[in-house]
Amino acid sequence: MKNCLSELREEKGWSQGDLAEALEVSRQTINSLERGKYDPSLPLAFKIARLFKRNIEAIFEPDDTPTKPSR
Amino acid sequence: MQESNESGLGQTTGERLLKNFLVSEFCLIAGNLLVRFLNRQALLPPWAIAIIAIATALPILLFAIAFFRMLRADLDEMLQRIVLEGLSFAMIVFIPLAGFYVNARTAGLVSAKLDPPEILLLPAILVALGVLISWSRLK
């Protein structure tokens with residue numbers, strides 16, 4: 001699954017550690033999420049969406065759909 | 001905040017857990033060797049040997065409790081997945097191996113006798129290998 005998590009994080013000026021702290025996960029998890037290696041659970045996806053005040057679909061997209069930034 | 005937030009499985013919680021595991025595994029194996037030696041030499045009464053055998057197995061029990069608590073409380077979902085995949089890998093490899101060994105030995109195809117230290121170490125090595133494989137896939 002593709003996502004624009006790193007762009008959203010950088011927009012906020014947060015480090016991976018800051019985002020990890022806000023989401024109560026490890027920094028490794030943030031790293032894996034940003035690289036698209038790990039797909040989050042639904043609760044974590046909702047938490048991410050709520051943190052960035054966006055819909056889940058605006059952050060995560062299946063691999064076959066092009067990522068479109070929604071601001 | 002969870003402890004694993006700062007550095008994850010690789011450093012804080014994971015490192016402590018690995019250290020505790022190695023220490024408790026060492027106690028277990030050293031205890032096993034000591035008990036064998038004492039049994040052979042008959043230096044201590046049987047009750048004293050039994051106490052040594054139980055005492056040296058206690059650390060691994062404490063480790064198991066700590067591991068269970070860490071799995072539920074200290075690890076986030078991805079790290080839990082890595083650990084659980086590591087455990088699954090160990091079981092998937094160990095159970096058929098054990099099955100083949102037991103049947104082959106019963107049939108007389110294998111004469112090598114595995115002692116407890118080797119048997120105890122194999123699942124641990126397999127878990128570590130499984131965690132490494134899962135970790136490298138998700139990293």
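These questions and answers go through a predicted model with chains A and B.

Visitor: What share of the residues of chain B count as buried?
Guide: A residue is buried if 20 or more other C-beta atoms lie within 10 Å of its own. Chain B has 139 residues, and the share of them that count as buried is 18%.

Visitor: Why is A:Q28 buried?
Guide: A:Q28 lies in helix α3 of chain A, residues 27-34. The cut-off for a buried residue is 20 or more other C-beta atoms within 10 Å. A:Q28 is buried because the number of other C-beta atoms within 10 Å is 26.

Visitor: How far apart in space are A:Q28 and A:G17?
Guide: In sequence, A:Q28 and A:G17 are 11 residues apart. Taken from C-alpha to C-alpha, their separation in space is 9.0 Å.

Visitor: On which side or sides of α1(A) are A:L5, A:L8 and A:R9?
Guide: These three residues of α1(A) are buried. An α-helix has 3.6 residues a turn, so residues three or four places apart point the same way.

Visitor: Which exposed residues does the face of α1(A) turned away from its buried side carry?
Guide: The buried residues of α1(A) pack against β1, α2, α3, α4 and α5 of chain A. The face turned away from that buried side carries exposed residues, namely A:E7, A:E10 and A:E11.

Visitor: Which residue with a positive phi follows α1(A)?
Guide: The helix α1(A) covers residues 5-12. After α1(A) comes a residue whose phi is positive, near 70°, and that residue is A:G13.

Visitor: Which element gives the most to the largest nonpolar core?
Guide: This core has 22 residues, and those that touch the most other members include A:L5 and A:I30 as well as B:L79 and B:I82. Two or more residues come from each of α1, α2 and α3 of chain A and α4 and α5 of chain B. With 5 residues, the element that gives the most is α4(B).

Visitor: Which residues does B:V131 touch, not counting those up to four places away in sequence?
Guide: B:V131 is one of the core residues that touch the most other members. Leaving out residues up to four places away in sequence, B:V131 touches B:I82, B:V83 and B:G86.

How values were computed. Residues are numbered from 1 along each chain as its sequence is written. Chains are lettered from A and ligands numbered from 1 in the order in which they are written. This is a predicted model: local features need pLDDT of at least 70, side-chain atom pairs count only at pLDDT 80 or more; totals for chains, interfaces and linings use all residues. A residue is buried if 20 or more other C-beta atoms lie within 10 Å of its own, exposed if 12 or fewer, and partly exposed in between; C-beta atoms are placed from the backbone. Helices (H or I, at least four residues) and strands (E, at least two) are DSSP runs, numbered from the N terminus. A nonpolar core is a set of buried Ala, Val, Leu, Ile, Met, Phe, Trp, Tyr and Cys residues joined through C-beta atoms within 7 Å. Two residues are in contact if their C-beta atoms, placed from the backbone, lie within 7 Å.
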